[in-house]
Amino acid sequence: AEDLPSPRRLQKLEVPIMAQSTCRHLYGIDMGRGLPPRRIQDDMICAGYPEGLKDTCKVGAQGGLRGTWGTS
């Protein structure tokens with residue numbers, strides 16, 4: 001994967017909130033030196049696809065998660 005420059009404008013991506021059990025399972029997998037297992041705490045959430053179809057995260061990225069819950 002090519003490391004692209006950060007965009008100058010705020011980007012938007014719609015992803016589902018992931019079940020806590022799925023999140024903990026995926027982050028608990030040791031994927032080598034660059035991606036060691038991580039502990040997901042009760043006050044954390046994951047958003048995205050288990051298959052990794054889309055994501056907005058990059059190590060060191062400054063950003064946040066904004067949601068609209070209970071709307072359609």
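**Notes on the model**

1. Gly67 sits in the segment after β2; helices (H or I, at least four residues) and strands (E, at least two) are DSSP runs here, numbered from the N terminus. With a relative accessible area of 33%, Gly67 is partly exposed. On this scale buried means under 20% relative accessible area, exposed means over 50%, and partly exposed is in between (1.4 Å probe, protein chains only). Although Gly67 and Val15 are 52 residues apart along the chain, their C-alpha atoms are separated by 9.8 Å.

2. **Ground rules and confidence.** Please keep in mind that this is a predicted model, in which local features need pLDDT of at least 70 and side-chain atom pairs count only at pLDDT 80 or more, while totals for chains, interfaces and linings use all residues. Residues are numbered from 1 along each chain as its sequence is written, and side-chain values use heavy atoms, with hydrogens and water left out. The protein has a mean pLDDT of 77, and 76% of its residues reach 70 or more; pLDDT is the predictor's confidence in each residue, from 0 to 100. In the protein, confidence is highest in α1, at 90, and lowest in β2, at a mean of 86.

3. **Overall layout.** You will find 1 helix and 2 strands in the protein, and the elements run β-α-β from the N terminus on. Of the 72 residues in the protein, buried ones make up 7%. The protein exposes about 7100 Å², of which carbon and sulfur atoms supply 52%; accessible areas come from the Shrake-Rupley method with a 1.4 Å probe, and for residues only the protein chains shown count as cover. Among contacts (heavy atoms within 4.5 Å) between residues at least 6 apart in sequence, 55% join residues at least 24 apart.

4. **The disulfide.** How many disulfides does the structure hold? There is 1, formed by Cys23 and Cys46, with their sulfur atoms 1.7 Å apart. Cys23 belongs to helix α1 (residues 20-27) and Cys46 to strand β2 (residues 46-47), so the pair ties together parts that are 23 residues apart in sequence. The criterion is a pair of cysteine sulfur atoms within 2.5 Å. Both Cys23 and Cys46 are buried.

5. **The salt bridge.** Searching the whole structure gives 1 salt bridge, in which the side chains of Arg24 and Asp42 meet at 2.4 Å, N to O. Arg24 is in helix α1 and Asp42 in the loop between α1 and β2, so this pair ties together parts that are 18 residues apart in sequence. The term stands for a side-chain nitrogen of Lys or Arg within 4 Å of a carboxyl oxygen of Asp or Glu.

6. **A nonpolar patch.** Ile29, Met31 and Leu35 make a nonpolar surface patch of about 300 Å². Patches are made of residues with over 30% relative accessible area and no salt bridge; like charges are joined within 9 Å, and nonpolar side chains (Val, Leu, Ile, Met, Phe, Trp, Tyr) within 5 Å. Ile29 is placed in the loop between α1 and β2, and its relative accessible area of 37% makes Ile29 partly exposed.

7. Ala47, found in strand β2, is partly exposed at 33% relative accessibility. Ala47 and Ile17 are 30 residues apart in sequence, with 4.2 Å between them in space, C-alpha to C-alpha. Ala19 has its place in the loop between β1 (17-18) and α1 and is partly exposed, with a relative accessible area of 43%. From Ala19 to Pro50 the distance is 10.0 Å, C-alpha to C-alpha, and the two are 31 residues apart in sequence.
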